[in-house]
Amino acid sequence: MKNLIYQVWEGNIPPGTVLGRDNMKGYAERIGAEYWFDHDPKLAVRHGGMPIYYEWLNFLFDDRFLEYDKVAILDLDVYCKEDFSENIFDTEFEHFAVSEEPTTPKKRAKNAKGRIGKNNDERWAKDLKEIWNITLPRTKDNLLKVYNAGVVLVTREGILAARKNFIPIKEYIGKLSRKGHGRFYCLDQNYMHANLFADGIKFTELSTDWNNQIYFHGDKSAIAPAPGHGRMINDPRNEDTKFIHVQLSSADHWLTKRKLDLMLNSPNSMWEY
C-alpha cells in the first residue's frame, strides 16, 4: 500500500503552520507514508475555486494523487503527539471518510436566524435537493449534520469517483450564488459536504478521535475556561484522542512549540495563549 499525507498552504507561512507541517511530516515518517507539503499551487482556483479555500481539493485535477492507494488531506492546524504512531490509513472505508462536527447542529439551531444558522442551512439543503438531487443526513434531533474538512481521507477509487460525480466547482458556486446563498455556503467545506452525498460516492463517517476540534465558544455554554480570555473553550480531548484540530483565533500566528506541547499533553488550565 502506498499512502500519502497531503497539506497545502497559500501565501506567507506563519509559525503555527510551520509547526503543523513539521508535526505531520514526522507522523508520516513514523507510519511509513509519503508526505507532500504543497505551497501556492493555485490549481483549484483555475477550475473555479475561491482562492486559498479550494486548494486542498487538488486531487480532483492533479493525476499525481492517483499514484497512491489512500490520501489523508489534513489542515495545517491539525497536530498529534510526537510519539503517536497509530496509522490513520488502517481506517476502513471505500471512497471518503470525514468526521462530523457533533456540537455544531445544536449551536446553529440556537442561532437559527444568523448568517450561519439553522435557517440558512435548511435553505442550502433544500437547494441542493432541488438542483442536484442531493439529500443530506440529519441527527437524531432532525438537524442537518455538519462535516469538517480538517481531516479528509480518500482512496484512489474515491478520487476517480469524485472526478466523475462531484459537482463542478464553478457550477456549484455559480448556482448557489444566484440563489442568494452567502459566501460561507459556497466555500470548500460545504462543497465537500454536499458532494459526499452525491450519487456514486461512498462515504464513511470518520471517528472524531481523528479530528478533536478545539475552539473558543461564542455562546455561554461553559465547557472549560480559557485563562486570560474570559471565554469558554471547547476541549473534547480524551484517552482516545488521536489528532487535535486547533481552531483558536489566530493560533497559526501565536502558537509556539511550547504552547503546542501543552495543548497536546496538559489540561487546558495549563495552556498558554
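A crossing is left-handed if the near helix is turned anticlockwise from the far one by less than a right angle, and right-handed if clockwise. With that noted, I opened the predicted model, where local features need pLDDT of at least 70, side-chain atom pairs count only at pLDDT 80 or more, and totals for chains, interfaces and linings use all residues. Residues are numbered from 1 along each chain as its sequence is written, and side-chain values use heavy atoms, with hydrogens and water left out.

**Helix pair**

I looked up α3 (residues 118-132) and α5 (residues 169-178), and they pack at an angle of about 120° with axes 11 Å apart. Helices here are DSSP runs of H or I with at least four residues, numbered from the N terminus. Their crossing is right-handed. I then listed the contact (heavy atoms within 4.5 Å): α3 brings W124, D127, L128, I131 and W132, and α5 brings E171, Y172, K175 and L176. I sorted these residues into six nonpolar, no polar and three charged.

**Pockets**

A pocket, on a 1 Å grid over the protein atoms alone, is an open set of points where a 1.4 Å probe fits, with protein on both sides within 12 Å along at least five of seven lines; lining residues have an atom within 4 Å of a point.

I found about 1600 Å³ of space in the largest pocket. Its lining has 45 residues, with Y53, D75, D77, Q189 and Q247 nearest the centre. Helix α2 (residues 104-110) gives the most to that lining, four residues.

Next I checked the second largest pocket, with about 210 Å³ of space. Among its lining residues I noted C80, K81, F84 and R237.

Technical notes: Axes are lines fitted to C-alpha atoms, for helices over the stretch in contact, and angles run from 0 to 180 degrees between N-to-C directions. Helices (H or I, at least four residues) and strands (E, at least two) are DSSP runs, numbered from the N terminus. Ala, Val, Leu, Ile, Met, Phe, Trp, Tyr, Cys and Pro count as nonpolar, Asp, Glu, Lys and Arg as charged, and the others, Gly among them, as polar. Grid points are joined across faces, edges and corners, and a volume is the space filled by probe spheres set on the points.
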